[in-house]
Amino acid sequence: MHCDRLVRLLLAGALLMTAPGCGEIDGGDPREHSGPTGGWRTAGCQFSRPAQFSTVGGRSMPVTPQRLAAAIERIDRGGRERFADSFAGLEVDQLRVRAIVYRVPSEVFDDFIRQSAEDTCVVVRDAAHAVAELTHWHDRVVADLPYWDSRGIRIVTVGSRHDGMGVEIGTRDIDRIRREFPARYGADAPLVFVEEGPVRPLAPGPAD
């Protein structure tokens, strides 16, 4: 439903990289007409809806209703392809039967969300950075991977956060990255550092 995640394996180590943007950006900057800050909700949030469940392997799991899933698809695709300077990402709250969209305030994109949501519940929240900006930083860090490897810094994951907070860098060398990344990219670069161990391959199943 959402844009596929790009996974690459570099050399013998496993480096997971998520591509934050799909499609092309067209049109002008939608932030020229800012939308309301602090967030808002679509009209569909006025109505409560019971969560839907599916039983899998004897366990009951929440599922996304078809109408909400369709609205999410419209917003995600339109956000990435038409409003990448505002759209940051989204998440699904299946128990509350709603979607949460993160965006840099934009009147134009907000109108698109209202139309795309139809009668479903979509909660809109502010984001610090949009897909277009995070894609730039994501690609820049990925291009520098050989440089960091040559310095002995082990980067495990690179991925854009769906809430627009920044590009998340997972590493086993958290202290060094906190010192050296700002020197190369600037103190204001939207980079979030998390400590992660090496990616381990899945154990083979019984049929393997």
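This is a predicted model: local features need pLDDT of at least 70, side-chain atom pairs count only at pLDDT 80 or more; totals for chains, interfaces and linings use all residues.

Q: Ok, is Phe112 buried or exposed?
A: Phe112 counts as buried, at 12% relative accessibility. Phe109 is buried as well, with a relative accessible area of 0%.

Q: How many aromatic pairs are there in the whole structure?
A: The search finds 10. Rings of Phe, Tyr and Trp (its six-membered ring) pair if their centres lie within 6.5 Å; planes under 30 degrees apart count as stacked, over 60 as edge-to-face and the rest as tilted.

Q: And what are the distance and plane angle for Phe109 and Phe112?
A: Their ring centres are 6.1 Å apart and the planes are at 20 degrees, so the pair is stacked. The two are 3 residues apart in helix α2 (residues 107–117), which means about one helical turn separates them. Helices here are DSSP runs (H or I, at least four residues), as are strands (E, at least two), numbered from the N terminus.

Q: Which residues of α2 are buried?
A: Phe109, Asp110, Phe112, Ile113, Ser116 and Ala117. They cover an arc of only 160 degrees around the axis, so they sit on the same side of α2. That arc is taken from the directions from the helix axis to the C-beta atoms.

Q: What do they pack against?
A: The buried residues of α2 pack against β2 (40–41), α1 (66–82), β5 (87–93), β6 (98–103) and β7 (122–126), where contact means heavy atoms within 4.5 Å.

Q: Switching to α5, which of its residues are buried?
A: Ile174, Ile177, Glu180, Phe181 and Tyr185. Their arc is only 130 degrees around the axis, which puts them on the same side of α5. Turned away from that buried side, the face of α5 carries the exposed residues Arg178, Arg179 and Ala183.

Q: Which aromatic cluster is Phe181 in?
A: One formed by Trp137, Tyr147, Trp148, Phe181, Tyr185 and Phe193.

Q: What about Tyr147, what lies over its face?
A: Arg184 does, at 3.9 Å from the ring centre. For a charge to sit over a ring, NZ of Lys or CZ of Arg has to be within 6 Å of the ring centre and within 35 degrees of the ring normal. Arg114 lies over the face of Trp40 too, at 4.2 Å from the ring centre.

Q: Last topic: which cysteines does the disulfide join?
A: Cys45 and Cys121, S to S 2.0 Å; a disulfide is a pair of cysteine sulfur atoms within 2.5 Å. The pair links distant parts of the chain, 76 residues apart: Cys45 is in the loop between β2 and β3 (52–56), Cys121 in the loop between α2 and β7.

Q: Why is it called right-handed?
A: Because the torsion about the S-S bond of Cys45 and Cys121 is about 95 degrees. Cys121 counts as buried, at 7% relative accessibility.

Notes: Residues are numbered from 1 along each chain as its sequence is written. Side-chain values use heavy atoms; hydrogens and water are left out. Buried means under 20% relative accessible area, exposed over 50%, partly exposed in between (1.4 Å probe, protein chains only).
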